[in-house]
Amino acid sequence: MADQMEYIIPPWDIETYVQNLNVSDLKNVGMKSWLDFHRRLTLLNQQSVLEITELREESVVDWFISLKKIPILVYEAIQINIWKHKVFPLLIDLNGEPTNTFMLFSVFYHEVIVISLLENILFHCESAQTLDDTVIDLIDYTVQRVMILLDGKTVEIYERSEIKDANSCLEEIVEKQKAFEFDIAIRCISILHYLIQMLDSLPLCAVSRMLVVHDIPYLFVQLIENQPWKKQDEDGYLHIGEMLTYETGWRKIKASENGKINKREGQVWFGLRELLLNPKCSPYYEITEHSLSQLSKLQRHLHEDILDQVPPLIELKRWLSYLNMSPSMPASNSTCPIHIEVIPQIKSSILEKYHKKWKKLAQHQSKYLFTTDASFIKDAAQILSDVYNLEKLDRIEAKKCLVCQELSKKRCSRCKDAWYCSRECQVKDWENHKNICDTLTKTKQ
């Protein structure tokens, strides 16, 4: 048996952790009971990432599926998203600048953790059977999140004009929230892709929701056109002017990767192929003049380099060519099937429960999220101490050299943020890194 230290959660405890998970109450956010719930979810996510990274048996995923706990994650994601927009601004209005970021950071991070777990679990097609009607809520949530990527900016949860100090805790929280929003949106591309791949196992209302209500093919065309997972480094994140790609964070695109499809781009292409060519989908998707004009944009992206990397897209290219030659093609939707539409319940039930009670809720949570009680803060830090253990976090996240992108085990001894595969790469990068290093070191101090 492997040493216990090789696990985030001992294997004999994983079932208990998952079994004891229940939906949290929004009013309890920030309380010790909620922080313990956040701790358990975070540890489960860390364990899941560790199992995937080290190619182990995915016990966390297996227990979530067998114990039918996936709907809890869907509920938590939607609930915290509502909290960000309904409660957080009121908390700032009532209390002013927070004196620390620790408590509020944990709430924002909760949504990231939940979506990371969902991304890991929904990779497995067996999860389709345990989603039940929450799949409709999940589709609505993921589409809303992915649409953020097309705006070129994340949704502001607090007006920047109201932040008086550019170096304040509030500014730090809003900046961190922007990074979280982008990461969640990128992960939601994967979740949508997995849901599309398992459409044959989902109820027909899920197909209708994707195609009739949200027109996901149009959304995916916009993603292919905008490529939000790539950008030029303008802020000196690595080296100004270089092209970056997003995985779990931004990294430099290697010369050998030029022209290669990014993971998320590949997921969008496969999602499009499934939605447009799956006979189960065609009765629900009407090819109008507008949709034809949008789908036609894909043809210029389906060049030889792409088709060589993803041969199944050849079939999609043929379909698009035929569609353009026969614009009046009915796409098998001349008799759209009659079906009962399932209405999403989670968001509406939370909004209804706290209708006209948001300020009261914010006043209640102020006692915990803005507390100056040293004993409460100490207890909260104790609850979350193993969650933010840097040694554990380093073990589950593969680090890459800032210079050559190879796997790295050495990092800058001053800022602890920059990783290198060798002393040679560290020396080579020092001129670029030293200013960032000074800033990070001072900030941490």
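Analyst: The structure is a predicted model, and the questions below take up its labels in turn.

User: Why is L21 called buried?

Analyst: The relative accessible area of L21 is 0%. Buried means under 20%, so L21 is called buried. L21 is found in the loop between α1 (11-19) and α2 (32-53).

User: Which residues does L21 touch, leaving out those up to four places away in sequence?

Analyst: With those left out, L21 touches F37, R40, L41, L44, F64, K69 and I72.

User: What makes the pair W83 and F108 edge-to-face or stacked?

Analyst: The ring centres of W83 and F108 are 5.6 Å apart, and the limit for a pair is 6.5 Å. Their planes stand at 70 degrees. Planes over 60 degrees apart count as edge-to-face, so the W83 and F108 pair is edge-to-face. The pair links distant parts of the chain, with W83 in helix α4 (residues 70-86) and F108 in helix α6 (residues 102-122), 25 residues apart.

User: Are W83 and F108 buried or exposed?

Analyst: W83 has a relative accessible area of 0% and is buried. F108 is at 3% relative accessibility and also counts as buried. Both values are set against the cut-off of under 20%.

User: Why is the pair of F123 and Y194 described as edge-to-face?

Analyst: Here the centres are 5.7 Å apart and the planes are at 85 degrees, so the F123 and Y194 pair is edge-to-face. The angle is set against the cut-off of over 60 degrees. F123 lies in the loop between α6 and α7 (134-151) and Y194 in helix α8, so this pair ties together parts that are 71 residues apart in sequence.

User: Which labels do F123 and Y194 get for accessibility?

Analyst: F123 has a relative accessible area of 53%. Exposed means over 50%, so F123 is exposed. Y194, at 10% relative accessibility, counts as buried.

User: How many aromatic pairs are counted, and which residues form a cluster?

Analyst: The count comes to 12 aromatic pairs. Ring pairs link W83, F88 and F108 into a cluster.

User: What makes R56 a charge over the ring of Y7?

Analyst: R56 lies over the face of Y7, at 4.7 Å from the ring centre. The distance limit for this label is within 6 Å.

User: What is noted about the phi of D215 and of Q227?

Analyst: D215 has a positive phi, near 50 degrees, in a residue other than glycine. Q227 is not a glycine either, and its phi is positive at about 50 degrees.

User: How do you know that β1 and β2 pair?

Analyst: Strand β1 (residues 230-232) and strand β2 (residues 243-246) share 3 bridges in the antiparallel sense. A pair needs at least two bridges, so the two strands pair. K230 stands opposite T245 in β2.

User: What joins β2 to β3?

Analyst: Again 3 bridges join them, and β2 and strand β3 (residues 250-252) run antiparallel. The bridge partner of T245 in β3 is R251. With 3 residues between them, β2 and β3 form a hairpin.

User: Why are β1 and β3 called edge strands?

Analyst: The open sheet has 3 strands in the order β1-β2-β3, with antiparallel pairing. β1 and β3 each pair on one side only and are the edge strands. From one strand to the next, the twist averages 35 degrees.

User: Which residues have the most contacts inside the largest nonpolar core?

Analyst: That core has 124 residues, and those with the most contacts inside it are F64, W83, L118, L195 and L295. Helix α8 (residues 169-197) gives the most to this core, with 15 residues. Another core, of 8 residues, lies apart from it, and C401, C412, C425 and C437 are among its members.

Conventions. Residues are numbered from 1 along each chain as its sequence is written. This is a predicted model: local features need pLDDT of at least 70, side-chain atom pairs count only at pLDDT 80 or more; totals for chains, interfaces and linings use all residues. Side-chain values use heavy atoms; hydrogens and water are left out. Helices (H or I, at least four residues) and strands (E, at least two) are DSSP runs, numbered from the N terminus. Buried means under 20% relative accessible area, exposed over 50%, partly exposed in between (1.4 Å probe, protein chains only). Contact means heavy atoms within 4.5 Å. Axes are lines fitted to C-alpha atoms, for helices over the stretch in contact, and angles run from 0 to 180 degrees between N-to-C directions. A nonpolar core is a set of buried Ala, Val, Leu, Ile, Met, Phe, Trp, Tyr and Cys residues joined through side-chain atoms within 4.5 Å. Rings of Phe, Tyr and Trp (its six-membered ring) pair if their centres lie within 6.5 Å; planes under 30 degrees apart count as stacked, over 60 as edge-to-face and the rest as tilted. A charge sits over a ring if NZ of Lys or CZ of Arg is within 6 Å of the ring centre and within 35 degrees of the ring normal.
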